[in-house]
Amino acid sequence: MVDYGLHSDRFLIHSGSHRPFHTLEYYLQRVIPLASERLRLIPTVSGRHIFGKNYWYVLSNVLGGPDPGHYMSAQLPFPGIGNMEIVEPNNINVSARIRERIGQKYYVWAGTAIGMLSDEAYSILRGRYLWGLTLGAGMNSFLGPLKIMGGYSTQTKKINFYIDFGWNF
């Protein structure tokens, strides 16, 4: 998924600055089968960039949770962050998760990610770095998937737990 947005409050003028602001968001994920039919590697590259200084608070970049756009449209998942964390206007995240299916309906996984954050897009490699780790287990039930996850990140600097039940709409 790649998404571009042009945001203004009066067509091409935004809040008296006479220039709108722009957003660029991407979330690219691939499931790669490994040695057995039950083992999968899931690499992900995601990021969101806000170009312009006068942007709305509701469109700030948000990291955390298990799924993109789960609570807010600008939310990107990040291993080890269970809640939403507002971060700098430019971020790039690279993550990998390994998932093993046990039987027909049980799963276990481990994942890690590194994130790069910056106020300016051109200096993102010189910005702040994040790291996160997650471990989880889940099962498919007739009412929907049940997932239990735990993790740690350098953003929150604490261990967190997250329980997710049901499908996302």
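**Entry 1**

I began with strand 11, which seven bridges join to strand 12 (residues 159-165) in an antiparallel run. Strands here are DSSP E runs of at least two residues, helices are H or I runs of at least four, and both are numbered from the N terminus. Two strands count as paired if DSSP finds at least two bridges between them. The model is predicted, and I kept to its thresholds: local features need pLDDT of at least 70, side-chain atom pairs count only at pLDDT 80 or more, and totals for chains, interfaces and linings use all residues. Residues are numbered from 1 along each chain as its sequence is written, and side-chain values use heavy atoms, with hydrogens and water left out.

Within this pairing I found Gly150 opposite Phe161 in strand 12. The hairpin of strand 11 and strand 12 has five residues between the strands, and Lys157 there takes a positive phi near 55 degrees.

I then turned to strand 10 (residues 128-141), which 10 bridges join to strand 11 (residues 144-153), again antiparallel. These two strands form a hairpin with two residues between them. I noted Ser153 in strand 11 as the bridge partner of Gly132.

**Entry 1. Gly136**

I looked up Gly136 and placed it in strand 10. Gly136 has a relative accessible area of 12% and therefore counts as buried; the term means under 20%, with exposed over 50% and partly exposed in between, for a 1.4 Å probe and protein chains only. Leaving aside neighbours within four places in sequence, I list Tyr107, Val108, Trp109, Ile148 and Met149 as its contacts, a contact being heavy atoms within 4.5 Å. I also took the C-alpha to C-alpha distance from Gly136 to Arg19: 45 Å in space, for 117 residues in sequence.

**Entry 2. Overall fold**

I count zero helices and 12 strands in the protein. The C-alpha trace spans about 60 × 35 × 30 Å along its principal axes. Of the 169 residues, 40% count as buried. Among contacts between residues at least 6 apart in sequence, 48% join residues at least 24 apart.

I traced an open sheet of three strands in the order 6-5-7, with mixed pairing. Its edge strands are strand 6 (75-76) and strand 7 (85-86), each of which pairs on one side only. Strand 5 and strand 6 pair in the parallel sense over two bridges, and I recorded Gln75 in strand 6 as the bridge partner of Val62.

I placed Asn90 in strand 8 (residues 90-102). Its relative accessible area is 1%, so Asn90 is buried. Beyond four places in sequence, I find Asn90 in contact with residues including Arg48, His49, Ile50, Phe51 and Asn61, and also Met116, Leu117 and Ser118.

I found Ser46 in strand 4. Ser46 counts as buried because its relative accessibility is 3%. Not counting residues up to four places away in sequence, Ser46 touches Tyr26, Tyr27, Leu76, Asn91, Ile92 and Asn93.

**Entry 3. Aromatic pairs**

I paired rings of Phe, Tyr and Trp (its six-membered ring) with centres within 6.5 Å, calling planes under 30 degrees apart stacked, over 60 edge-to-face and the rest tilted. By this rule the count comes to two aromatic pairs. One of them, Phe21 with Trp56, is edge-to-face, at 5.3 Å centre to centre and 85 degrees between the planes. This pair links distant parts of the chain: Phe21 lies in strand 2 (residues 21-29) and Trp56 in the loop between strand 4 (39-51) and strand 5 (62-63), 35 residues apart. Phe21 is buried, at a relative accessible area of 1%, whereas Trp56 counts as partly exposed at 33%. I note that Phe21, Tyr55 and Trp56 form one aromatic cluster.

**Entry 4. The largest pocket**

I searched a 1 Å grid over the protein atoms alone for pockets, open sets of points where a 1.4 Å probe fits, with protein on both sides within 12 Å along at least five of seven lines. A volume is the space filled by probe spheres set on the points, which are joined across faces, edges and corners. The largest pocket has a volume of about 810 Å³. Of its 42 lining residues (an atom within 4 Å of a point), the closest to the centre are Pro66, Asp67, Arg97, Trp109 and Lys147. Strand 8 gives the largest share of the lining, six residues.
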